[in-house]
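Subject: Structure for you to look at

Hello,

Here is the structure I said I would pass on. My notes on it follow below.

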Amino acid sequence: MKTIASFSVDHDLIEPGMYISRIDGDVVTYDLRTRRPNAGNYMSNLTMHSVEHILATLLRNSARGDEIVYFGPMGCRTGFYLLVRDTVSPEDVYRLLVETLRHVPDVTEMFGAKRKMCGNYRGLSLDAAKAECASYLNALLARGARFDYPTKEENA
């Protein structure tokens with residue numbers, strides 16, 4: 001069986017940041033890594049779920065909302081996937097993500113936190129989402145708009 005693209009990346013080299021994971025036709029998948037993989041520091045389900053509600057809503061309501069295909073968590077609990085149409089450059093996706101993360105502190109309600117809107121509506125925390133987003137914003141700004149996964153040669 002073929003190894004899927006996300007399993008072919010050396011996770012021991014990944015730092016928090018934004019990476020182009022794959023391109024499928026007109027859809028670009030971004031790996032939004034909020035934490036270093038395999039380091040023992042994983043998002044709680046509460047945090048992951050909360051960030052998903054906040055960022056998915058804000059991104060889909062942005063000026064580029066029609067070009068957002070999907071936003072959701074990674075099962076390993078170290079980040080999120082953002083799928084965007086290729087009509088948006090990586091630099092513009094980076095700027096959109098930074099702008100969106102900067103807006104999170106202004107959010108005053110948890111989006112979709114009602115029984116009829118979510119299958120686990122009690123498992124949400126605005127404070128957890130805000131803390132995770134603030135931490136990720138700092139990591140993104142520190143790393144800058146670099147989209148390639150690190151290689152062993154770079155870390156040597």
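In these notes, contact means heavy atoms within 4.5 Å. By that cut-off, and leaving aside neighbours within four places in sequence, Thr-57 is in contact with Glu-52 and Phe-111. Please keep in mind throughout that this is a predicted model.

Gly-112 is 55 residues away from Thr-57 along the chain, yet the C-alpha atoms of the two are separated by 8.8 Å.

Helices 1 and 2

Helix 1 covers residues 45-60 and helix 2 covers residues 90-103; their axes come within 10 Å and cross at roughly 120 degrees. The two helices are therefore oblique to each other, and their crossing is right-handed. On the helix 1 side the residues that meet helix 2 are Leu-55, Leu-58 and Leu-59, and on the helix 2 side they are Leu-96, Thr-100, Leu-101 and His-103. Sorted by class, this contact has 5 nonpolar and 2 polar residues, with no charged residues.

His-103, which is found in helix 2, has a relative accessible area of 38% and is therefore partly exposed.

Helices 1 and 3

Helix 1 also packs against helix 3, at an angle of about 80 degrees and with the axes 8 Å apart. That angle makes helix 1 roughly perpendicular to helix 3. From helix 1, Leu-46, Thr-47, Ser-50, Val-51, Ile-54 and Leu-55 take part, and they meet Leu-126, Ala-128, Ala-129, Glu-132 and Cys-133 in helix 3. The class count for this contact is 8 nonpolar, 2 polar and 1 charged residues. Leu-55 is listed both in the contact with helix 2 and in the contact with helix 3.

Helices 2 and 3

The axes of helix 2 and helix 3 come within 9 Å, crossing at roughly 145 degrees. This crossing is left-handed. Helix 2 contributes Tyr-94, Leu-97, Val-98, Leu-101 and Arg-102 to the contact, and helix 3 contributes Cys-133, Tyr-136, Leu-137, Leu-140 and Leu-141. By class there are 9 nonpolar residues, no polar ones and 1 charged residue.

In soluble globular proteins, nonpolar side chains tend to be buried together. Here the largest nonpolar core has 35 residues, and Met-18, Leu-32, Phe-71 and Leu-82 are those with the most contacts inside it. At least two residues of this core come from each of strand 2 (27-33), helix 1, strand 3 (68-73), strand 4 (79-85), helix 2 and helix 3 (126-143). Helix 1 gives the most, with 7 residues.

What does Met-18 contact, leaving aside its neighbours within four places in sequence? The list is Tyr-30, Asp-31, Leu-32, Pro-90, Val-93, Tyr-94, Leu-97, Tyr-136, Leu-140, Arg-143, Arg-146 and Phe-147. Among them, Tyr-94 and Leu-97 of helix 2 and Tyr-136 and Leu-140 of helix 3 also belong to the contact of those two helices.

Best wishes

Terms used:
Residues are numbered from 1 along each chain as its sequence is written. This is a predicted model: local features need pLDDT of at least 70, side-chain atom pairs count only at pLDDT 80 or more; totals for chains, interfaces and linings use all residues. Side-chain values use heavy atoms; hydrogens and water are left out. Axes are lines fitted to C-alpha atoms, for helices over the stretch in contact, and angles run from 0 to 180 degrees between N-to-C directions. Helices (H or I, at least four residues) and strands (E, at least two) are DSSP runs, numbered from the N terminus. Angles under 35 degrees count as roughly parallel, over 145 as roughly antiparallel, 65 to 115 as roughly perpendicular and the rest as oblique. A crossing is left-handed if the near helix is turned anticlockwise from the far one by less than a right angle, and right-handed if clockwise. Ala, Val, Leu, Ile, Met, Phe, Trp, Tyr, Cys and Pro count as nonpolar, Asp, Glu, Lys and Arg as charged, and the others, Gly among them, as polar. A nonpolar core is a set of buried Ala, Val, Leu, Ile, Met, Phe, Trp, Tyr and Cys residues joined through side-chain atoms within 4.5 Å. Buried means under 20% relative accessible area, exposed over 50%, partly exposed in between (1.4 Å probe, protein chains only).
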